[in-house]
Amino acid sequence: MCSPNPRKFFVGGNWKCNGTVDEVKKIVCMLNSGEVPCPNHIETIISPPFVFIPLVKSMLRTDFQIAAQNCWKGKGGAFTGEISAEMLANLGVPWVILGHSERRTLCGETDAVVAEKTAYALNLGLKVCLCVGETLQEREANQTGCVVSRQTAAVAAKIGCWANVVIAYEPIWAIGTGKVATPQQAQEVHYNLRKWLDCNVSPQVAMNTRIIYGGSVTAANCKEIGSNPDVDGFLVGGASLKEEFITILNARNFQH
């Protein structure tokens, strides 16, 4: 019989468009020397810019995995500036972040495009950290549930297996703004999203799919947010470039 929460804690570090070779080496050295829970308790992905993936991959501790920040929605070809899932697989990159709010808002990626990307990446054997979340205007209009379920439904219509998907709820109004959802707000959205999976996909998928929080996660707020029963970890932005990322990885006190 399954335990009430069989889900392994999951933390992703999204470096976004930051770093030089020297800075990247310093960050990796910081990560390599950090004391963090063993892989039995936590799964950690590090997502540097594309150009630094080989360097980070060659230096990073083996209990951390590499993730790309995006990939194209189909096979490679005449798509200048894009990176294909085939390329990531060829490099041995196991994870990719898709549907990040900055891709949706700055690059115009629609729910349909994110769903295509997710399905294609999964078919190539990649694991996907799927981002969903609402704007401040949508939250103030009480549309959070509708937006998050709509974004998730687009993906659900394209994929049949959720075993290699982690959902990151990232309220757009709390990304890079210093604002953060309260623990209660985060838990409410995660609970309702899990309930949506239960009703629209399957109870097993709802039980097993990890739903993590992303939105100005810091060392100061990670323990309180991470203590919620439906918050299975974090997708961390700016703080993943700093030593406080180690504190975030230790947000839960695991019994060894």
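This is a predicted model: local features need pLDDT of at least 70, side-chain atom pairs count only at pLDDT 80 or more; totals for chains, interfaces and linings use all residues.
Local features are given where pLDDT is at least 70, side-chain atom pairs count only at pLDDT 80 or more, and totals for chains, interfaces and linings use all residues. Residues are numbered from 1 along each chain as its sequence is written, and side-chain values use heavy atoms, without hydrogens and water. Helices (H or I, at least four residues) and strands (E, at least two) are DSSP runs, numbered from the N terminus.

**Helix α1**

Helix α1 covers residues 21-33. V24, I27, V28, M30 and L31 are its buried residues (under 20% relative accessible area; exposed is over 50%, partly exposed in between; 1.4 Å probe, protein chains only). They cover an arc of only 155° around the axis, so they lie on the same side of α1; the arc is taken from the directions from the helix axis to the C-beta atoms. An α-helix has 3.6 residues a turn, so residues three or four places apart point the same way. D22, K26 and S33 are exposed on the other side of α1. The cover over the buried residues includes β2 (42-47), α2 (53-59), β3 (64-68) and α11 (244-249), with contact meaning heavy atoms within 4.5 Å.

**Strand β4**

Strand β4 (residues 95-98) is covered on both faces, with W95 and I97 buried on one side and V96 and L98 on the other. Strands pair if DSSP finds at least two bridges between them.

| Pair | Sense | Bridges | Source |
|---|---|---|---|
| β3 and β4 | parallel | two bridges | |
| β4 and β5 (residues 127-132) | parallel | four bridges | |

V96 is the bridge partner of A68 and stands opposite V128 in β5.

How values were computed:
The expected span of a helix is 1.5 Å times one less than its number of residues.
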